[in-house]
Amino acid sequence: MYKKIFRYELRRLLWNRVFLGLLLILLAYGWLTLIGEILLGVANTAPFSPWSFGSYCGKLLPVICAGELFFLTFFTGTRECRVLADASPVDPGRYAAVRLGAVLAGTLLLSVCGAALALGFYGAVFGWMGFASLAAPGLLVLVPAVVFCLGLGWMLGRINGALLYAAIAGILLVSQLPMPAAVDFTLGTFFGTFPKTLGTMDPAFTVPPSILWGRVGYTVAGGIPILFLWRRRTK
Amino acid sequence: MTSPQKRGILSLQKNKERMLMMQIEIDHVNMTYPNGRRALEDVSLTMDSPSLVGLLGPNGAGKSTLMKLLVAGLLPTGGEIRVDGTPLLQCERNLKARLGYLPQTFGLYDELTVWQFLDYMSALKGIQNSREAIASVLRATNLEERRKVKIRTLSGGQRQRVGVAQALLGTPQLLIFDEPTVGLDPEERIHFRNLFSQAAQDRIVLLSTHIIEDVQSVCSRLIVINEGRILFTGTPSRLIQMAQGHVGVFEETGNAAGEFQITARVNTARGVSCRAVAKVLPSFAQPVEPNLEDAYLYLIHMGPQEAL
């Protein structure tokens, strides 16, 4: 029963022109970023270093988060049939979890497509295949931001569906603003400047505690509303 | 057949009947919204299956609020609703498993086809054999030919039919329809009236509307509600009886004055013919046989005390 609901929710999110457009924008922007910035390497590191890949993920992050918030708009407003679902015997907590799972799956698909483009680029241009070393910067950029947007979006969507569009604009704006490295949403400052402070060419990937705490902060900030709303729905 | 076998079959049949039977009691229910608006005031009702109950009332009378309370979409601020003797709050999931609900306003998933949407709703309702259930409601709502069509391409009336179809899924024992015939053409309305009448043969169907025609021919019981209070509950013929001697017609002239409420104006060769309801008909009005619409308007305009 829940599998079927998940399948349909995912179909709704992915089987539409907006998703296709979003995916094309992501890939086009990713390609331009790869040949324009990443090809030269970031902060004196190799183009396929974790630093450059992290920077690339950070550049794609606003598009991925905008996609995630857009997915959440499917659960609000006139497109939503919540009143029908509320009158059904479905468990509200599990139903909410299934829908959030569908949003996460859609967001994961966008992220994987973006990452696959970079990996294909590294393989084709440099013949480099050490992809395992790129997992850490990729996860560091994506996971906290995705959890943060999921929590924020779900909370805003329950207040008013229109706020989700404001959140999309907000995320796109915040991503362009110069922020202190620890709270930088896209980690652009960190990947662009921190390697230079390490005093070596192409340094190994390390993350200072301040950055880690910043990412934990984003994850917790997104996780709390999810837990709170989920518990309330279950009750 | 031996008598123990007979007794066994009879007992099974009785159990089945008992399972299909349903009773809903609304006991002194009040509903005041957080903004202070009082939507329902001391409403008490009992509904047993099988019955087709028409809930009549003007816009804002409290019909939708009553329906939302019945589907546990709202909590009453006073009183209690019981399903088969159990308070609604204690058997909410059980009620919802036996419920088909068409709200006044609802969203549909435009990205899905009619069939897919009904399949989704079947999953929400936990229906095991969804294929058969969907085929049956598609037939009942004349949507078989549109089953592969995306919902976004449907007309308003067809969307309403999809709404009715999802409510019918899984043959629920309690069907609640809030303004189900809105947007339907006259032929479809007749079709749906018959459908509701058929469905009410073995369950409770509660039909909320402000269109008298919808309930006139099919409902065995009427509930008239206005300003959150129940004004009448009984058969349509009893309601009509109440208006006997209070409905009249007259030609409209400049000096036609008095305590009456005009319910219809018709242009005729002799001028404008008026139909009116009044506690005491004016001398210039010719009494006529009331119909359900007259009786309803008489009740709404005079109030229950005056009307009796």
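## Close-up views of a predicted model

**View 1. The largest nonpolar core.** A:Leu69, A:Ala145, B:Ile176, B:Leu207 and B:Leu299 touch the most other members of the largest nonpolar core, which has 150 residues. A nonpolar core here is a set of buried Ala, Val, Leu, Ile, Met, Phe, Trp, Tyr and Cys residues joined through C-beta atoms within 7 Å. "Buried" means that 20 or more other C-beta atoms lie within 10 Å of the residue's own (12 or fewer makes it exposed, anything in between partly exposed, with C-beta atoms placed from the backbone). Helix H3 (residues 50–73) of chain A hands over the most to this core, namely 14 residues. Helices (H or I, at least four residues) and strands (E, at least two) are DSSP runs, numbered from the N terminus. The core also takes at least three residues from each of domain 1 (21–235) and domain 2 (240–307) of chain B, with domain bounds coming from an automatic or database domain assignment.

A word on reading these views: this is a predicted model, where local features need pLDDT of at least 70 and side-chain atom pairs count only at pLDDT 80 or more, while totals for chains, interfaces and linings use all residues. Residues are numbered from 1 along each chain as its sequence is written, and chains are lettered from A and ligands numbered from 1 in the order in which they are written.

**View 2. Chain B as a whole.** Chain B has ten helices and 14 strands, and its C-alpha trace spans about 75 × 55 × 45 Å along its principal axes. Of its 308 residues, 43% count as buried. Take the contacts in chain B between residues at least 6 apart in sequence: 68% of them join residues at least 24 apart. Two residues are in contact if their C-beta atoms, placed from the backbone, lie within 7 Å.

**View 3. The six-stranded sheet of chain B.** Reading across this open, mixed sheet, the strand order is E6-E7-E8-E3-E9-E10. Strands count as paired if DSSP finds at least two bridges between them. At the edges sit strand E6 (99–102) and strand E10 (229–234) of chain B, each pairing on one side only. From one strand to the next, the twist averages 15°. Angles run from 0 to 180 degrees between N-to-C directions, using axes fitted to C-alpha atoms (for helices, over the stretch in contact). Look for strand E3 (residues 51–56) of chain B, which runs parallel to strand E9 (residues 221–226) of chain B and is joined to it by four bridges.

View 4. Helix H7 (residues 186–199) of chain B lies across E3, E7 and strand E8 (204–209) of chain B, at about 150° to E8(B).

**View 5. The four-stranded sheet of chain B.** This one is open and antiparallel, in the order E2-E1-E4-E5. Strand E2 (38–48) and strand E5 (86–87) of chain B each have a single partner strand, so one side of each is left without a neighbour in the sheet. Strand E1 (residues 23–32) of chain B runs antiparallel to E2(B), with seven bridges joining them. B:Ile24 faces B:Met47 in E2(B) across that pairing.

**View 6. Where chain B meets chain A.** Here 23 residues of chain B are in contact with 19 residues of chain A. On the chain B side, helix H3 (92–97), E6 and helix H4 (114–125) of chain B are the elements that give two or more residues. H4(B) provides the largest share, six residues. By class, this side has 13 nonpolar, five polar and five charged residues. Ala, Val, Leu, Ile, Met, Phe, Trp, Tyr, Cys and Pro count as nonpolar, Asp, Glu, Lys and Arg as charged, and the others, Gly among them, as polar.

**View 7. Between the domains of chain B.** The centres of domain 1 and domain 2 of chain B, taken over C-alpha atoms, are 33 Å apart. Eight residues from domain 1 of chain B and six residues from domain 2 of chain B make up the contact. Helix H8 (212–216), E9 and E10 of chain B each supply at least two residues on the domain 1 side.

**View 8. A hairpin in chain B.** E12(B) and E13(B) form a hairpin with two residues between them. Seven bridges join strand E12 (residues 261–268) of chain B to E13(B) in the antiparallel sense, and B:Val266 stands opposite B:Ser273. Strand E11 (residues 247–251) of chain B also pairs antiparallel with strand E13 (residues 271–277) of chain B, over five bridges.
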